[in-house]
Amino acid sequence: MAKANPMADEMRRFTGTDEKNPFEAMSERFDRAAQLLGLDPDLYAVMRVPSRELKVYIPVRMDTGHIQVFEGFRVQHNFARGPAKGGIRYAPDVSLDEVKALSAWMTWKCAVVNVPFGGGKGGIICNPQQMSLGELERLTRRYTAELFDFIGPDKDVPAPDMNTNEQTMAWIMDTYSMHKGYTVNAVVTGKPVALGGSLGRREATGRGVLFCVNEAIKRFNLTPEQTSVVVQGSGNVGGIGAELMYNLGYKIMAISDVHGGIYNKNGLNIPEVLKYLNANKTLEGFAEADRVSNSELLEIECDVLAPCATENQITSENAHKINCKIMAEGANGPTTPKADKILFDNGVFVIPDILANAGGVTVSYFEWVQDRMGYFWREDEVNQRLEEKMVASFNELCAVADSHNVDTRTAAYMVAIERVAYDTRMRGIYA
Ligand code: NAD
C-alpha cells in the first residue's frame, strides 16, 4: 500500500491551474521551497494557510445621502514571528484570494529581511477614483471600527498599499485611538511624519529597490552610469525608485503608468517626467520621448527591468520576450511561476519581490520601533539602517541560491520558510 503523504495531499488541495491566481502562484513557490528544505509535513500544513481571514461589510453614507455597503477583507497569515504586518488596498477588483496571497508574501518578506513581524493584508472593494474624500474617510473609519478587535501594535499593524496613503493611515490611527481613549500611533505605519510617521518611509520601497539593484549590477560588472533601466509604474515604488536611480546616475530609458509609457533610448529626465505627470495626470505628450504601451515597455532591451505596478505582468505569454539582465520586482507578484522558469532558463537574474520591495516594510518596522520608543531618528539614520538590512539580505539570499543551486526566488522562500519554521517549532504552536 502506498505510504500516506500529507504534504502531497495538502498541495493537491490548494493548488489549481490558474496561472494568474496570486494565491496559487504564492503556494507553488512555497511548495517548491518547502520540498527542497524537506519541511516537516506538520509545519508545512500550518504554514501554508492563513491564520485568519476576516470579511466585513461596511455601510457608508455616500454624498448622495444613500447608504452603500462595501465588502472588505483582512487576512492575517502568520503570527509566529510577531504581529501581522501589511498594507490595505482599495480597488474595484481586489479579491480575497489576492489579499490572501499578499498576506502570505508579507510573512515571507518580513522573514527574508528578518524583521519581527508576521504577514497580513487588507482590502476593500471600491473605486476610490470615483469617491469623494468624505466618502473615503467614512469608509476607512468604519472599516477600522470593524477591525478594532483584530488590529493593534501587538496584533496586526496595517500600512498603505495601492490607493491608500498617509491620510488613510491617519484616519485609521485616529479611529483606533478614539476607541482606545488615547493616542496609539503604533497601530499603523506609513503615517504622516508629524503624527508619528518615520522620515524616509515614503521613499523606503523605492530606495530598497535601488539598494538591491546596486548590489545586483556588481554581479554583471556594471556601474550605475553604464546601466540602462526600464520601470513599469510611476507611483510610490516606480516613480520614487526611478528618481533615486536617476539621481545616482542610472539611465532610465522608459517609465509608465496604468495608461502606458514613454521611452527614450538616451534616457529620460525623471524629475521632469514626474513633475509633468503630477501636473498633467498623464505621461502622454511628454517631450522628447516615444509613447509605448505597458506590454511594449516590458520587452524593451535594457540592463534592469523593474516592474513596479501590479501583479501578473510577466507571464508564460511574454516571459520569452523579456530582454533584460536583471529584473527587480518592485511590485508584489509581477511574475507568474510559469514565467519564472522561462526567465531562469534565459539567464535573467531576478531580485524577487519578497526581497526587492521589502524596503517598505523594513522602514515600517523602524516606524513602529520609533513610535513605541517615542523617539525619532534622523533620515540619514533610517536610510543607513535600511541599506544595511537590504544589502545583508541580498547577499544572504545569493549565498543560499548559489549553495543550493536554485534560482533567487526559491532561495528567498527557503530563507523565509526556514526562519518561520524555526520560530513555529520553538514556540510549539502546533503541538
Ligand atoms: P501606486 O498606486 O503609488 O502606483 C502604482 C503605479 O502603477 C501607478 O503609476 C499606476 O498608474 C500603475 N499601474 C496600476 N495598474 C497598472 C497596470 N495594470 N498596468 C500598468 N501600470 C499600472 O502603488 P505603489 O505603492 O507604487 O505600489 C505598486 C506595487 O508595489 C504594488 O504591487 C504594491 O503592492 C507594491 N508595493 C508597494 C509598497 C509601498 O510601500 N508602496 C511596498 C511593497 C510593495
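1. Basis. The model is predicted, so local features need pLDDT of at least 70 and side-chain atom pairs count only at pLDDT 80 or more, while totals for chains, interfaces and linings use all residues. Residues are numbered from 1 along each chain as its sequence is written, and side-chain values use heavy atoms, with hydrogens and water left out.

2. Second largest pocket. The second largest pocket holds about 270 Å³ of space. A pocket here is an open set of points on a 1 Å grid over the protein atoms alone, where a 1.4 Å probe fits, with protein on both sides within 12 Å along at least five of seven lines; lining residues have an atom within 4 Å of a point. The volume is the space filled by probe spheres set on the points, which are joined across faces, edges and corners.

3. Lining. The residues around the second largest pocket are E28, R29, R32, P337, K338, D340, K341, F344, D407, R409 and T410. By class, 8 are charged, 2 nonpolar and 1 polar (Asp, Glu, Lys and Arg count as charged; Ala, Val, Leu, Ile, Met, Phe, Trp, Tyr, Cys and Pro as nonpolar; the others, Gly among them, as polar). Helices α2 (22-37), α11 (337-345) and α15 (408-427) each supply at least two lining residues, and α11 gives the most, with 5. Helices (H or I, at least four residues) and strands (E, at least two) are DSSP runs numbered from the N terminus.

4. D340, a lining residue, forms a salt bridge with R409, the closest N and O atoms being 2.8 Å apart. D340 lies in α11 and R409 in α15, so the pair ties together parts that are 69 residues apart in sequence. Salt bridges that share partners join R29, E329, D340, D353 and R409 into one network. D340 is buried at 17% relative accessible area, and R409 is buried at 3% (buried means under 20%, exposed over 50%, partly exposed in between, with a 1.4 Å probe and protein chains only).

5. Other salt bridges. The count comes to 31 salt bridges, each a side-chain nitrogen of Lys or Arg within 4 Å of a carboxyl oxygen of Asp or Glu. One of them joins D31 and R48, with the closest N and O atoms 2.6 Å apart. This pair links distant parts of the chain, 17 residues apart: D31 is in helix α2, and R48 is in the loop between α3 (41-47) and β1 (52-61). D31 is buried at 6% and R48 at 1%.

6. R89 and D161. R89 forms a salt bridge with D161, the closest N and O atoms being 2.5 Å apart. R89 sits in strand β3 (residues 84-91) and D161 in the loop between β5 (156-160) and α6 (166-180), 72 residues apart. R89 is buried at 5%, and D161 is buried at 17%.

7. Surface patch. Y57, I67 and V69 make a nonpolar surface patch of about 310 Å². Patch members have over 30% relative accessible area and no salt bridge; like charges are joined within 9 Å, and nonpolar side chains (Val, Leu, Ile, Met, Phe, Trp, Tyr) within 5 Å. Accessible areas come from the Shrake-Rupley method with a 1.4 Å probe, and for residues only the protein chains shown count as cover. I67 lies in strand β2 (residues 67-78) and counts as partly exposed at 48% relative accessibility.

8. G239. G239, in helix α8 (residues 236-247), is buried at 3% relative accessible area. G239 and R141 are 98 residues apart in sequence and 29 Å apart in space, C-alpha to C-alpha.
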